[in-house]
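Please consult the sequence and the structure shown below while reading.

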Amino acid sequence: MRGLKDSKQKWDFIIIGGGATGLGIAVDSASRGYSTLLLEQSDFAKATSSRSTKLVHGGVRYLQKGDVALVREALRERGYLQKNAPHLVKNQRFIIGNYRWWEKPFYTIGLTFYDLLSGGMSLGRSLPMSRAAVIKSIPRIVRENLRGGVVYHDGQFDDSRLAVNLMQTAIEQGAAVVNYAKVTQLLKSSDGQISGVVVRDELDGVNFTAEGKCIINATGIFVDNIIRMDNPSEKPMVRPSQGVHLVVDKSFLGGDDAIMIPKTSDGRVMFGVPWHNRVILGTTDIPVKEFVLEPKALEEEVDFILETAGRFLEKKPQRSDVLCVFAGLRPLAAPKNGSDGDKTKEISRSHKMLVSPSGLVTITGGKWTTYRKMAEDTVNTAVRTKKLPVKECRTAKLKIHGYFENPDRNDRMYIYGSDQEAILKMQRENPYYAEKLDLTTDFTVGEVVWAVRREMARTVDDVLARRVRVLYLDARASIALAPRVASVLASELGRDKKWEQDQVKEYTEMAGSYVMS
Ligand SMILES: Cc1cc2nc3c(=O)[nH]c(=O)nc-3n(C[C@H](O)[C@H](O)[C@H](O)COP(=O)(O)OP(=O)(O)OC[C@H]3O[C@@H](n4cnc5c(N)ncnc54)[C@H](O)[C@@H]3O)c2cc1C
């Protein structure tokens, strides 16, 4: 793929950014038959798209705000995603414990409306529950004054695994997709229209150019950097908001159902969601000014999550229980009049698109859940703007790489979907690939090799954070695995000892901020 440097091809689409939004656009444009190039400055989903709450949802809280159209659209997309990536998206039961008499009827009615909005794509009916049933579902829920509860259904997924599978789908549909390729400049033709990009290969430092008809800016919180390459005086389009999650042992909930806390002390919702044998607690929502790839959790956010979870769980999580703390930045579309002050939770969660006079199409905001619809809208807009031949969108029914029905979720390898068998075969044929990375883990050498050969992993971080997710499951344990992963990577990629040592050092520094101090 890095042979692109010598390519003279003029692409129909050049997409800048390899998160959920950019990858979705690459799948959409390539599957319609447009020649497509996607450029990601780091690894796929390195930024916001690996740091979500892992929900494929309509957003119960947007319903509380009366944003019916947004919820209906997201519920429809939830349905498509569950159908097209059943290996990664599962039907998850969420329980709301009720402690006051009016809560059961109130939430049952509200959530029944939520079900109705999903049309024919409901994942299951919302129903009132007895006190005993709530305790059975969430054995560690606080029982004092518990009257009963309500159960509703939403989707739950693995965000960076889906990003990797979308990257593979885009390639299968004919796209060229490159990570560690940063767009540093936009090229313009004599009529002021953007005609291409200057790219720096972050692995070897070499610059190259790529020419294209439609240039798409899908860089999440970084969209304003690209917009300013086009027009330095353009107003900011994004207001970032930070959200933090804590990962703790599954025993804090005690079952397979998730808990939803409908009103925290700052008027938001909070979740405790089972994920890969752990529980993710979160999230927060605070405005920040810095646009960085590795945002850091604030003490106050950690305290807020622990305090809120502790009010609803019998075994109150302490800092020492936290296996990983991670922060992500939401690319919220800034309100035009700038009137929302610092209350980021008031800013629109729907996506926003901007077509600049130069023809640059920028897309931001939205949710992971709605990435497909965002992609469809973006490609339609770009095709209209650049007067390309119109071709119909195919993604509503396009199966995503790894598609596999009814996977065995008790087997941690289920995340590979239809690729699981190929990895196991590799391990059967060569016992080295079946070796565990160390005595403390089930992750194997073969998975690192697979990540390099088939999933474009290039660094220890790519493997441990976004291919096998150990960073998110137990940050400290992941640091212990770094030397072995670096050694396997070095032999796969033909790198020397110095590279290997640098990788371990870089990873250890980076992952340190995911360890609770
Ligand atoms: C705390 C939190 C919880 C969330 N929970 C959920 C949830 O449960 N469900 C849900 O549906 N949504 C959720 N979201 C929203 C969802 O994660 C985001 O909407 C989505 O991931 C945004 O994807 P993106 O591709 O627009 O941005 P990103 O994932 O940030 O991708 C942008 C990419 O552009 C790249 N880039 C930037 N500049 C350049 C350049 N010059 N050249 C090349 N590449 C460049 C970046 O490296 C990055 O990879 C959550 C968000 C947060 C922050």
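## The shell around the ligand

The shell around the ligand comprises 13 nonpolar, 18 polar and six charged residues. In this classification, Ala, Val, Leu, Ile, Met, Phe, Trp, Tyr, Cys and Pro are nonpolar, Asp, Glu, Lys and Arg are charged, and the others, Gly among them, are polar. In total, 37 residues surround the ligand, and the closest are Thr21, Glu40, Ser49, Leu55 and Thr369; a residue is near a molecule or strand if one of its heavy atoms lies within 4 Å of it. At least two residues of the shell come from each of α1 (20–32), β8 (181–188), β11 (238–249) and β16 (324–333). Helices (H or I, at least four residues) and strands (E, at least two) are DSSP runs, numbered from the N terminus.

## Basis of the model

The model is predicted: local features need pLDDT of at least 70, side-chain atom pairs count only at pLDDT 80 or more, and totals for chains, interfaces and linings use all residues. Residues are numbered from 1 along each chain as its sequence is written, and side-chain values use heavy atoms, with hydrogens and water left out.

An N or O atom in the side chain of Ser49 lies 2.5 Å from an oxygen atom of the ligand. For the side chain of Glu40, the corresponding distance to an oxygen atom of the ligand is 2.7 Å. Thr48 contributes a backbone N or O atom, 3.3 Å from an oxygen atom of the ligand. Taken alone, the ligand exposes 1,000 Å², of which the protein buries 96%; accessible areas come from the Shrake-Rupley method with a 1.4 Å probe, and for residues only the protein chains shown count as cover.

## Strand β10 and its partners

Two strands pair if DSSP finds at least two bridges between them. Strand β10 (residues 207–217) pairs in the parallel sense with strand β1 (residues 10–16) over six bridges, and Ile14 stands opposite Ile215 in β10. With strand β18 (residues 361–365), β10 forms a parallel pairing over two bridges, where Asn217 stands opposite Thr362.

Strand β9 (residues 194–201) runs antiparallel to β10, joined by five bridges. Gly196 has Glu211 in β10 as its bridge partner. Five residues lie between the strands of this hairpin, in which Gly205 takes a positive phi near 75 degrees.

Key
Polar contact = N/O pair within 3.5 Å; in protein donor to acceptor, adjacent residues only side chain to side chain.
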